[in-house]
Amino acid sequence: MGKDVIVALDFAGAREAFAFLDKLGQRRPFVKIGMELFYAEGPGIVRELKERGYRVFLDLKLHDIPTTVKKAMAVLSGLGADLVNLHAAGTGRMMEAALEGLTRPDGTRPKLIAVTQLTSTDQETMERDLLIREPIADVVMHYAKTAKAAGLDGVVCSPLEAPVVHAGCGASFLTVTPGVRFADGAAGDQKRVTTPARAKELGSDYIVVGRPITAAEDPAAAYDRCVREFVDGIDRNGKGE
Ligand code: C5P
């Protein structure tokens with residue numbers, strides 16, 4: 001898996017998702033299915049996207065006892081997902097069980113990445129609600145290292161965290177990074193945003209981009225721009241790296 005743009009299909013149903021994908025013409029981007037679309041449509045949406053040639057990141061963030069997660073992961077793997085995730089807070093044993101569940105009879109498996117601390121959690125809420133008193137940056141790094149030790153392929157994090165994650169867990173440990181906006185775009189509810197070109201400089205492996213593409217007047221042009229900036233390292237003015 002090389003550097004790529006993952007388009008977040010944050011839609012209420014398959015009709016809306018496919019109406020959007022139609023606007024991308026023959027392009028077959030890597031797409032992310034979150035809880036909303038998955039719970040609305042069920043596993044069929046994954047099969048259908050795979051049949052149409054899309055790579056699929058199933059962003060379902062599993063967190064349960066190891067046996068349950070192992071069995072659930074076996075189901076998701078059978079759907080043909082390319083990338084799935086879980087909460088590192090489920091512990092190393094849960095992550096190891098997830099990997100076992102994901103491994104198909106032929107030995108292949110989807111890539112597995114971990115959510116460390118959600119970006120909606122800050123130091124104050126972590127201390128108050130979770131009783132975790134370490135600095136949040138240390139907690140994120142500890143979770144990333146636990147995920148790596150369990151055999152996972154990477155983590156979801158901010159592009160701004162990609163350098164420290166790579167420094168602590170190795171260059172090949174994947175950083176899948178949301179919070180991306182074009183330099184001239186609206187940030188919306190994202191607080192700390194990074195452009196695709198900056199995410200590339202910081203070493204992100206995959207950027208997850210939703211509204212800058214899905215809500216664009218010309219989604220195909222916005223997707224192409226994202227790829228140009230992030231994969232090819234070419235900015236708006238056509239300048240290379
Ligand atoms: O529309 P936007 O580009 O903000 O979409 C980003 C996607 O990445 C959404 O699906 C959002 O749920 C997801 N995400 C995020 N921040 C995280 C984890 C996931 O924005 N920390």
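Start by selecting Asp10 and the ligand: an N or O atom in the Asp10 side chain is 2.7 Å from an oxygen atom of the ligand. That is a polar contact, here a pair of N or O atoms within 3.5 Å. Taken alone the ligand exposes 470 Å², and the protein buries 81% of that (accessible areas by the Shrake-Rupley method with a 1.4 Å probe).

A note before going on: this is a predicted model, in which local features need pLDDT of at least 70, side-chain atom pairs count only at pLDDT 80 or more, and totals for chains, interfaces and linings use all residues. Residues are numbered from 1 along each chain as its sequence is written, and side-chain values use heavy atoms, with hydrogens and water left out.

Then pick Arg181: one of its polar side-chain atoms lies 2.8 Å from a ligand oxygen atom.

Now show the residues around the ligand, among them Lys32, Pro178, Gln190 and Gly210 (a heavy atom within 4 Å of the ligand). β8 (206–209) and α10 (211–214) each supply at least two residues of this shell. Both are DSSP runs numbered from the N terminus: helices are H or I with at least four residues, strands E with at least two.

Keep Lys32 selected and look across to Phe57 in β3, which stands opposite. Strand β2 (residues 30–33) runs parallel to β3 (residues 55–62), and 4 bridges join them; pairing takes at least two DSSP bridges.

Finally, switch to cartoon view and follow β1-β2-β3-β4-β5-β6-β7-β8, the order in which 8 strands close into a barrel with parallel pairing.

Terms used: A polar contact is a pair of N or O atoms within 3.5 Å; within protein, one must be able to donate a hydrogen and the other to accept it, and residues adjacent in sequence count only if both atoms are side-chain atoms.
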